Each structure stands twice: as structure tokens, then as C-alpha cells.
Amino acid sequence: MRESMSPELILQKYFGYNSFRAQQKEIIETVLSGRDAVVLMPTGGGKSICYQIPAMMLEGTCIVVSPLISLMKDQVEALRANGITAAYLNSSLSSAEQRSVESALYNGNLKLLYVSPEKLAGEAFMSAIAQLPITMFAIDEAHCISSWGHDFRPEYTRLKLLKSKFPNIPLIALTATADRITRKDIIEQLALANPASFIASFDRPNIFLEARPGQKKIEQITTFIQERPMKAGIIYCLSRKNTEEVSGKLQAKGIKAMCYHAGMSDDLRAKVQEDFINDEILVVCATVAFGMGIDKSNVRWVIHHNLPQNIEGYYQEIGRAGRDGSKAETILFYSFRDVAIFRDIFNSNGGPQLELKLSKLDRMQQYAEALSCRRRMLLNYFGEQVDQDCGACDVCKNPPQYIDGTVTAQKALSAVARLNQRVSANVLIDVLRGSGKREIFERGYNKIKTYGAGREFGQREWQYFIQQLVNLGIFEIAYDDYNVVRITDLGNDVLYGKAPVKLASLEKKLERDKEAKKAAKKKSSKEQLKDELFERLRELRSRLAKAKGVPPYIIFADTALHAMSEHKPTSDPELLQIPGMGERKLALYGEAFKEEIKKYVLEKAKTGSQVKGATYMQTLEMHQQGLTVPMIAQTRGLNENTIYSHLSSLYAGGEDIDIFQFVTESEVNLVIDFAKKMEPPITLRPIYDAFEEKISYTKIKFALAYHQRG
Ligand code: ADP
Ligand code: ZN
């Protein structure tokens, strides 16, 4: 059983997408030509389709190696939901289940078989598949083979055998891990012969990037979550204890947040993960391991409660948001303290990679403090040259507004000088703001001349300024000496009036943030209606998912639901335009979604809301209640022709309407015969004229609708 369709048609028919993303087509063609390939694409970039489509086009079975049992299950479920034969073999199956998968494999009934690396490298399995028509090997998460990578798995090294045992079977290695050494290692370790390399952009334009000063975090997070009801998200925390604290505090604020970390029992962890996947729990406070083994595509936001150690980790973690391509948001909370904590840890651990770790931490800090486009910084970090601002980060949305900061800087500098360069940024701020803290008085800091000289600014503002003064090279933080603030040469120039300073104003930033937020809250009534329908479709999706025992995103991605709530499709051809709606899903779920949309549209129409398709639905409802066309026209205050036109469109869209009460069969045949000979586009007038005005426009419309339905 082999699909003799083009890749484009398969994409449409099975996956429900209209076009390939960058590089997918080329990768598919490469694999089909029999050449090995290495594919580097970010998470959510669409790697799977690159081997799934060739697998469907070739005679035989594609073997996919995947490291995580949960991922295999997800992928297989997603394939089956699209009507593609797939299965997996790993240690989670009972022996009866294993046998049934194996017999499907031997009988040639599987287009794709997912296996663990241990399974594949086993003697028995290797010799068994040597007898079968294997179309290709796809190695997912291929970076696991490299001991350079961050996720080395010894089992993967056994995949070296593949090329020597099966030299003629193409192999495609896929990963989202960017660095060059790992990539080279993948090629060497797998002994690939002259592979084609594909490196996609690492940009994830649907992910909004934002960094905020790390103060009153719980308050900020609570507001953020409350403003996004029903949206799932992850809060990454520094430590196990930290995950518990944060989830506890959020629970106290009435948010159903759970924690997840390696210290919990396996059962409890599995339960949290499962509930999160199924949208039963929406907020998880976790250590960075969470999210690795799950494919949940509708994570709508990711918050970093603390600064990550490096940009690689940060990017991977935020990458778990918005895999479905719908909009997702991220917030990074940042404070000097986070940096100091990591520095201490790195320094006390020492080791050969100390310098590297510290410099990566520096880059992370620079990112958090950036006053220019964050995405540009990220992509440049990963070696992509980007010369345009993104428009989808906090800095682009609200660019810094500069004020003359010379006097402000001098106040801070003078305070540091008078404190003999012996205090941390926090104590410095206390002194500048004239704090009444006991510690300040005990040390006599209240007696220095600059005590209270900076009262005009709040704590947050001072922090924002000092951060900038550090970035500008006016201050430096002595990380090796209790993080005290020191004055640089440039700082001395500023202090003695030899150099002016420009600072970005926090006050102006906050003002504009507020305005932007207000504007965003004022949703148009059209958008509100869209959200309302989205919620209803989401509930329907949950019900269907429960009944089937699969996660909701296997039924449809959020992108599909958004498209449905926007376009309100009520016929099969319209539904097929929805991204992710292949033929299988249309057959399984089309009816249910159509009904829900119709119901919604009709309800709205009755309350007088203008929603797309409402007038059709009202006509349909009356028609189904047995009202004649003249009666419907009269009740609705519309022209009879309009009602006929509604009915013919509804019929064309697949509604159950007996059109032969409006047009005879012979009239239908006459019109169709004539239309078939016409040059498209088919318009009514020439037909009307051809039959000397004896067949009315209404009848012609019904006949064409009949033709359209086929
Ligand atoms: P990866 O394995 O690279 O993380 P996936 O293969 O899981 O990514 O794809 C991510 C999402 O993008 C999935 O929901 C997938 O269906 C969708 N997708 C893939 N290719 C396309 C395409 N050409 N058009 C629209 N959506 C696509
Ligand atoms: Zn930007």
C-alpha cells in the first residue's frame, strides 16, 4: 500500500496543510532520491513531516528511532489520527502487544515504526528487518549520539551499525540542537556518506519575548495568569524547593498550579505531566527537565522565574511554548542575585569549563538587560545574521526612551565613592533612597553626604539605572568580592563631569506598557465573539479527546481552533481549508465541529450579533422547521430570491436540502450539460441566455449547486 500522490497532495489530504514550510520540500525530495540527510530545525519547526511524507510514498516501512517513550506514543497517535498506519515498539508494551506490532510489521501493514535505540540495535531485530522492505531510517533527536551534546545517550552510539548493515537504505538524522561540533559528530558517528545538510532558521516568530526586573514576581505572575484564563503554561524555577514555593504561593492566590521536579515520586510526576498534557492542569512550576519528554503543542506561555544559566537552555525552554505555531508569550525575570548565585555555584565547582560557563552566563545576563531587539540578539547568538528588528519582543514594542542621566549617575557614583566601594547594589540603593533599615544605621551609612540624595526614584527605578550603569561600563560588579559595586575609569570621568550619560527611563517605559496593555484589553466585539467560539470549540475538543483517550492537541491544534473561530466554516469544503484538517479528521470530527459552529452562529444571530454565516443559519433553521420559502422571506423580512440563494449555497456546502422541490431533474441536467462546456469562470448570465430565459436564475443556482456537490 503506497501513496502514488505528490508530496503536496499528501500534505493536504493527510495533514491538512496547504503548503510546505521552508526546506521541508527539499528535504523530502532528498530522502526520496535515496541520499542521506541531516536536518537541523528548531522545535516546532516541522521535522516530522520530512520523513513521514516520504515514508508514505515509498513501498515498505520507515523505521524511526526516538529516545523517549512518551514522544513515540504521541507521534504514533498523531499519525493514526491522520489516518496513517504507524506503531511503536519499546519496553512499555506487553509481550502480546509487541507480537501484534511485529506481525503488522512483517505483513507490511506499517508505513512507520517507531523504536527505541536499544530495540533497533538488538541482534534479533536487526536480522529480522534485514528481510523486510525498509524504506529508510529516521533518527530523531540525533544529537543524543554525541557526547558533546547536552543530552548524550549511550544507547544511541549503537546506531553506528546501521550504515554498515544497511548501506543502501537512506538515513535521515534530525535534531533541534544547533552547535556545530554536535552536528559534525552526528555525521561521523552515524557514518553518513555525503549527506545533504539542511539548516533551518532558528527563529520562532510566534513566540513573544520579554524580560522584566525580578521584583514582586508572584504578584506579576498572578496577574499574568489571571489575564489568560484557560491557557496552559510552564514556570521554570531554579530548584526543587523553588518550584514548591512558587506553586504554593500561586495556590494561595487561587491559581491551580502544580509543581514538578525530580524529587517527586514517579507516580506523582507522571500524573502531573498527564494532567498538563490533557489540559486538566494549566500551570506547572518545574525544574528545567519538565517539558523534555512531551510534545504538548498548545503550551501558550513560558515564564522563567529566575535567570537561566545560558542562552541555549533559555531558548530550548521557551521553545516549548507555541509549537503549534499559534501565538505564545514568554517572560524572563531577572535580578543580579540570580547571576551571583550561578557564579558562586560555577566557581565552587570549578572544572575545565569554568570560563566557558561564566562567559555564557554573561551573555545570558546581557540578553536579559538588552535595550535593543531581543530576537536579533538571540539569533545572532546562534550564528544567524539578522539585520532587522523583530517587532515581537518587549523592546521592539516599547523601545527605550532616554533621559539625561548625568546627575543621576553622579549621585550613584558619589555614594559608591563615599561608601569606599564596599557595598552591593542593593545597599547602595538603600543609601540613595534614604532607607530607615537598621543595617544602614548600624553601619553609619545614614551619615554620609549622599544618604537620601536619590529619593526621587523608587527601588525598581534605581535597579534599572544601576543595571544600565554597569552595562555602560561606569560601574562594575566585583563578583569575586561579595558583589560590591566598583567605579571604573569611565565612572570617574562621569563623576567629575567629563562625560555625559544617557539612561533609559523606567517611568516612561512603565507608562507606555500600561497604555499598551489598556489598548490590548479593549478588544473589539468581533474579537470577543471569536474568543467565545474558541472556548466552545476547545470544550468540544476536550470532550472528544476524553472519549478517545488521547490528548486534546492530537484531535486539533490550537491553530486549527483559532482558524475555525475566525472563519466559522459550516461546510466540508470550508472545513478542509482549516490548517490541520486532513480527510481523516474531517471524517471523524467534521460533523461535530460543524454542528457546534452552526449552533453558535444561530444563537448569536438570535441575539442580534452580526456573525459570519448567521443569515444562512437562520434560513436553514426555518427551512428545517418546515417553513416554505415565501414564509421564511416574510418572517425574516427578506426577498424570496435571497432565501433561494441561501438554500442553494447551503445545499452546495453539503446541507441536507431537497432541491428537487425547487428545480426539476431535467432542468438540472440541461444546465449541467451546458455548464460543462463553458470556459471557467462559470457565470449565470450565459446560461440564462442560452435557455432563452426559460430557466430562472434561482433554478440555475440550484442546478450548479448540485453539480458542485458532485
Ligand atoms: P518538530 O518535530 O520539528 O518539533 P513537528 O514535526 O512536531 O515539529 O511540527 C510542529 C507543528 O507544525 C505540528 O503541529 C505540525 O503539524 C505543524 N506543521 C508541520 N509542517 C507544517 C506545514 N507545512 N504547514 C503547517 N503546519 C505544519
Ligand atoms: Zn524585537
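Two strands pair if DSSP finds at least two bridges between them. Helices (H or I, at least four residues) and strands (E, at least two) are DSSP runs, numbered from the N terminus. This is a predicted model, where local features need pLDDT of at least 70, side-chain atom pairs count only at pLDDT 80 or more, and totals for chains, interfaces and linings use all residues. Residues are numbered from 1 along each chain as its sequence is written, and side-chain values use heavy atoms, with hydrogens and water left out.

Start with the hairpin. Strand S16 (residues 475–478) runs antiparallel to strand S17 (residues 484–487), and four bridges pair them. Phe475 sits opposite Ile487 in S17. Five residues lie between S16 and S17, and Tyr482 in that turn has a positive phi of about 55 degrees.

Now zoom out to the domains, whose bounds come from an automatic or database domain assignment.

| Domain | Residues |
|---|---|
| domain 1 | 7–199 |
| domain 2 | 207–397 |
| domain 3 | 402–504 |
| domain 4 | 523–612 |

How many residues of domain 1 are in contact with domain 4? There are 14, and they touch 14 residues of domain 4; contact means heavy atoms within 4.5 Å. One salt bridge is counted between domain 1 and domain 4, a salt bridge being a side-chain nitrogen of Lys or Arg within 4 Å of a carboxyl oxygen of Asp or Glu. The side chains of Lys13 and Glu583 form a salt bridge at 3.4 Å, N to O. Helices H1 (7–15) and H4 (69–81) each supply at least two residues to the side of domain 1 that touches domain 4. H4 gives the most, with five residues.

Key. Chains lettered and ligands numbered in written order.
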